[in-house]
Amino acid sequence: MSLRTQRLEFRHFQVSFPDEHIVQVTLNRQDKLNCIDKTTSREIAGIWDAFDHDASLWVGIITGVGRAFCTGADLHEWNAMVAAGEVNDMAAPGLAGLPRRSGKKPIIAAVNGLCMGGGLEMVANCDVVVAAAAAVFSLPEARRGIVPVAGCLPRLVRTIGLQRTMDLVLTGRRVDARTLCEWGLVSRVVESSSVAQAAVQLAQDMCRNSPDALIVGRLGVRLSWEHGSAEDAVAALEREWYPRLMAGPNFAEGIRAFTEKREPRWTDSKL
């Protein structure tokens, strides 16, 4: 069932389709700096699950409006849970379905403003990160007696290194987008007013390519990132996924289009 045909009305976020093969989730809880309660988290996770199963959609985007991208979980809700003796579930895939998502298709984070706590845990596992020049990032959990255990710590270590991750986690300080671009977490820094547009343009660039190649190429990168052995990652990709890529119509179409000196005509992926 296509996402476009579903009733997509939610209290704290909107779902839109800025181009033919792109779905965008926009957090809109500005009075709470786009923090995410448990209900909203489940709803957004459901969008990503439907996205992975909708062959007509190839790339996802998550962004926010107002001062913040996302300031993490709703701590007022957490406070009530702690008072009631409840333990917040940190199981995969995590807040808004992102910190421990494996998934099938690429998701771009378009960070428009404050990105704190769980918001940074979400971003750390997105496939590409575009940030506004004015965006700031932090992991302030230690200042509240909390530790970011939803998935970002090992991923940040692999992306920006041990000491830089320690710096963020143990101080809780804020770091600007350009610094995180230099460190390797942020892919591109753009003007604040154009961050969502820049993410859409990036998604459109991806969608000019084979949707099969987007899925298998992303998987190959993630296998290398998540596992210790480069050779094991290469072998798994070559053994399990390259034959499936070759068997699909887009593999032959890309080569045929090159020899005929024309643009390829891709079909939705069946992978």
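Visitor: What makes β5 and β7 count as paired strands?

Guide: Two strands pair if there are at least two bridges between them, and here four bridges join β5 to β7, so the two qualify. They run parallel, and within this pairing A109 stands opposite V129 in β7. Keep in mind that this is a predicted model.

Visitor: Which sheet do β5 and β7 belong to, and what is its strand order?

Guide: They sit in an open sheet of six strands with the order β1-β2-β3-β5-β7-β10 and mixed pairing.

Visitor: Why are β1 and β10 said to stand at the edges?

Guide: β1 (13-19) and β10 (188-190) each have a single partner strand, so one side of each is left without a neighbour in the sheet. On average, neighbouring strands of this sheet are turned by 20° against each other, direction ignored.

Visitor: How do you know that R101 and D52 form a salt bridge?

Guide: The cut-off is a side-chain nitrogen of Lys or Arg within 4 Å of a carboxyl oxygen of Asp or Glu. The closest N and O atoms of R101 and D52 are 3.1 Å apart, so the pair meets the cut-off. This pair links distant parts of the chain, 49 residues apart: R101 is in the loop between α2 (75-83) and β5 (107-111), and D52 is in helix α1 (residues 38-53). Both R101 and D52 are buried.

Visitor: Why is the contact between E240 and R239 called a salt bridge, and how exposed are the two residues?

Guide: Their side chains meet at 3.3 Å, N to O, and the limit is 4 Å, so the name applies. R239 has a relative accessible area of 53%, and exposed means over 50%, so R239 is exposed. E240 is at 43%, between the limits of 20% and 50%, and therefore counts as partly exposed.

Visitor: What lines the largest pocket?

Guide: Its lining has 42 residues, with G72, A73, D74, L75 and W78 nearest the centre. The volume of this largest pocket is about 930 Å³. α1, α2, β6 (114-116) and α3 (118-124) each supply at least two residues of the lining, which divides into 21 nonpolar, eight polar and 13 charged residues.

Visitor: And how is the second largest pocket built, and which element gives the most to its lining?

Guide: The second largest pocket has a volume of about 310 Å³. Of the 17 residues that line it, C126, D127, V128, V221 and R222 are the closest to its centre. α3, β7 (128-132) and α8 (211-226) give two or more residues each, and α8 gives the most, with five. The lining of this second largest pocket holds eleven nonpolar, three polar and three charged residues.

How values were computed
Residues numbered from 1 in each chain as written. Predicted model: local features only at pLDDT ≥ 70, side-chain atom pairs only at ≥ 80, totals over all residues. Heavy atoms only, no water. Buried < 20%, exposed > 50% of the residue type's maximum accessible area, 1.4 Å probe, protein only. 1 Å grid on protein atoms, 1.4 Å probe; cavity = no way out; pocket = protein on both sides within 12 Å on 5 of 7 lines; lining within 4 Å. Points joined across faces, edges and corners; volume = space filled by probe spheres on them. Nonpolar A, V, L, I, M, F, W, Y, C, P; charged D, E, K, R; others polar. Axes fitted to C-alpha atoms, helices over the stretch in contact; angles between N-to-C directions.
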